[in-house]
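Let's take a walk through this structure together, starting with a helix and moving on to the aromatic rings.

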Amino acid sequence: MINSIRKTNKGSKIFQLTDEETNQIKSTDNCYRFNGDTSSIMKFRMEAYSKTPLNKDRFSIFLDTDMLVLKEINLSKMFQKSDLILCKREFNSNQLVNIHFNDMNMEEYEGKTMGESWPYLGCFIGVTNNKNLIEMNEMYNNLEQKYKFWYGDQIVLKDFALKNKTKTAF
């Protein structure tokens, strides 16, 4: 991921967000460490996002480590109409939710598709400030514990987008 960003978006600053134990990746510009419950990985990630110091003069993108950036990202264009950019689910959107995934017992999603249940993915979130991330992190507190480990990011993103349609671009 880091090499793909360096190749396609040469002026980018790359920051690693992690726990207090993980080694810093050498090719990052900086490493921000957070104390939290890493067993609730999705909640930990959103909490880290909400506490990351952002440069007020730059746009910020949070990417999962398994992402590859294949071309230059035009942030000025992306953020013309919104202060938050979310990644809309395009793959497996018509697939039914596996309500027994990881023994999570997600009966509330029985008969629903991935797209209607979780239309936005947490692998890419673009922001101009922390305000929305702080609100999303607070929304996490109302989720069942199982969703703090997995799928909670997508639940929060959907709920936030529905609540804030005028502020959110997709």
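In this predicted model, helix α5 spans residues 131-140 and has six names to look for in its buried set: Asn-132, Leu-133, Met-136, Asn-137, Met-139 and Tyr-140. Viewed down the axis of α5, these buried residues fall within an arc of 155 degrees, so they line one face of the helix. The spacing makes sense, because an α-helix has 3.6 residues a turn and residues three or four places apart point the same way. What lies over that face? The cover of the buried α5 residues includes the helices α2 (41-51), α6 (145-149) and α7 (152-163), along with the strands β3 (60-63), β4 (84-88) and β5 (120-127).

Now for the rings, which make eight aromatic pairs. One of them joins Phe-59 and Phe-79, stacked at 4.6 Å centre to centre with 5 degrees between the planes. This pair links distant parts of the chain, 20 residues apart: Phe-59 belongs to the loop between α2 and β3, and Phe-79 to the loop between α3 (75-78) and β4. Phe-59 is partly exposed, because its relative accessible area is 33%, whereas Phe-79, at 8%, is buried.

Trp-118 and Tyr-151 are stacked too, at 3.9 Å centre to centre and 10 degrees between the planes.

How values were computed: Residues numbered from 1 in each chain as written. Predicted model: local features only at pLDDT ≥ 70, side-chain atom pairs only at ≥ 80, totals over all residues. Heavy atoms only, no water. Buried < 20%, exposed > 50% of the residue type's maximum accessible area, 1.4 Å probe, protein only. Helix = DSSP H or I, 4+ residues; strand = E, 2+ residues; numbered from the N terminus. Arc of directions from axis to C-beta. Contact = heavy atoms within 4.5 Å. Phe/Tyr/Trp six-rings, centres within 6.5 Å; stacked < 30°, edge-to-face > 60°.
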